[in-house]
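Have a look at the model first.

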Amino acid sequence: MYRTKIAGIGHYVPKNVYTNNDLSRFMETSDEWIQERTGIKERRFAERFEETTTTMGIEAAKVAMERAGVTKDDIDFIIFATLSPDYYFPGCGVLLQREMKMKEVGALDIRNQCSGFVYALSVADQFIKTGMYKNILVVGSEKHSFAMDFETRSRNVSVIFGDGAGAAVLQRSEKEGQGILSTHLHSDGADAEILAMHYPGAHANKWLKDKPAFPEKELGGLFMTTEQLESGAALPYMDGPVVFKKAVVKFPEVINEALAANDYTAKDIDLLVPHQANLRISQYVQQLLGLADDKVFNNIQKYGNTTAASVPIALSEAWEAGKVKDGDLICLAAFGSGFTWASALIKW
Ligand code: UT7
């Protein structure tokens with residue numbers, strides 16, 4: 001079996017900064033509420049007409065590839081994690097392949113929301129370990145701003161999420177003891193609808209079938225009316241407190257699972273890079289694991305929750321800050337919509 005290392009990591013965030021006070025121009029919220037409940041001070045929103053999930057992913061990919069010392073022709077496979085793709089289909093992977101003028105390599109899109117990047121790492125790791133590929137480009141990118149509603153009715157969602165992208169080049173490593181030690185993936189669909197964007201989707205037909213306001217058609221049609229769109233039916237929905245309660249259980253669980261699988265304990269961790277869901281969640285996990293402040297990386301204050309992009313953006317910033325060094329034990333962990341959650345333990 002081969003080993004997989006992260007040969008290069010990079011990120012890109014749009015230049016438009018929106019502070020909490022900026023958001024309070026559009027909805028009833030406050031800097032105090034947002035900071036107290038989430039730790040977020042500001043977030044980035046992509047250029048509305050110029051930037052997409054793919055274009056941001058490409059910018060992050062270029063940095064990761066340069067740092068890995070590889071060119072587009074070295075990439076054997078593309079994995080793109082996002083919940084906010086440019087199109088409903090096809091996925092962003094092929095768009096990245098086209099725009100970066102890459103060879104006709106395989107492109108896989110992953111739809112695992114906040115844990116998408118860690119799932120993508122795991123998939124890439126299997127392909128490299130078995131010898132099928134040598135260099136895999138893994139991207140996590142999100143343009144949340146395109147689908148968010150900046151009215152008070154959606155304030156629990158729209159103050160949290162931000163745009164951005166992160167990417168990594170995963171590469172076959174010959175060095176014993178280096179690279180991804182293990183990955184751990186989980187799901188529980190029992191609460192699938194409580195953090196979700198329900199439309200458009202095949203479920204819409206079923207849900208609207210018994211609603212007299214929407215005339216039945218014999219075949220086809222989304223059954224979406226203007227009224228329904230205006231009522232917010234096609235907006236992201238989140239029951240925050242339920243997500244919070246599950247997250248604070250599953251984060252430590254999946255981190256401990258990764259540590260135990262490799263005969264480590266929390267005190268061996270050099271840096272924990274958790275998905276940036278909420279600063280309160282990260283602080284709770286830190287406390288539970290007994291980790292010092294400098295062992296947990298947080299940047300949600302600057303970017304909000306960027307879903308599939310949050311782990312690679314944080315890892316890239318941590319690397320740039322010199323907090324990820326050769327030989328360090330790095331733990332990545334994520335939890336989100338689905339619910340899905342995952343961890344990866346890496347010897348850098
Ligand atoms: O990435 C993974 C997915 N997401 C998460 O991990 C998020 C997990 N959940 C959370 O982070 C928190 O639940 C939130 C930050 C989303 C919400 O914080 P909370 O402390 O759980 O607040 P809440 O939803 O229980 O709402 C408390 C109050 C409500 O008012 P009433 O009913 O008590 O009068 C809300 O309407 O806060 C109100 N509220 C707001 N007020 C000002 C909700 N959003 C806002 C807002 N500004 N943006």
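**Domain interface and ligand site**

Across the interface of domain 1 and domain 2, the rule picks up one salt bridge (a side-chain nitrogen of Lys or Arg within 4 Å of a carboxyl oxygen of Asp or Glu). Keep in mind that this is a predicted model, where local features need pLDDT of at least 70, side-chain atom pairs count only at pLDDT 80 or more, and totals for chains, interfaces and linings use all residues. Residues are numbered from 1 along each chain as its sequence is written, and side-chain values use heavy atoms, with hydrogens and water left out.

**Domains**
- Domain 1 covers 3–173, and domain 2 is made of 179–191 + 238–347; these bounds come from an automatic or database domain assignment.
- Their centres, taken over C-alpha atoms, are 17 Å apart.
- Domain 1 puts 48 residues into the contact and domain 2 puts in 42, with contact meaning heavy atoms within 4.5 Å.

**Across the interface**
- The salt bridge joins the side chains of Arg-67 and Glu-320, at 2.8 Å from N to O.

**Around the ligand**
- There are 22 residues around the ligand, and Thr-29, Arg-37, His-275, Asn-278 and Asn-305 come nearest (a residue is near if one of its heavy atoms lies within 4 Å).
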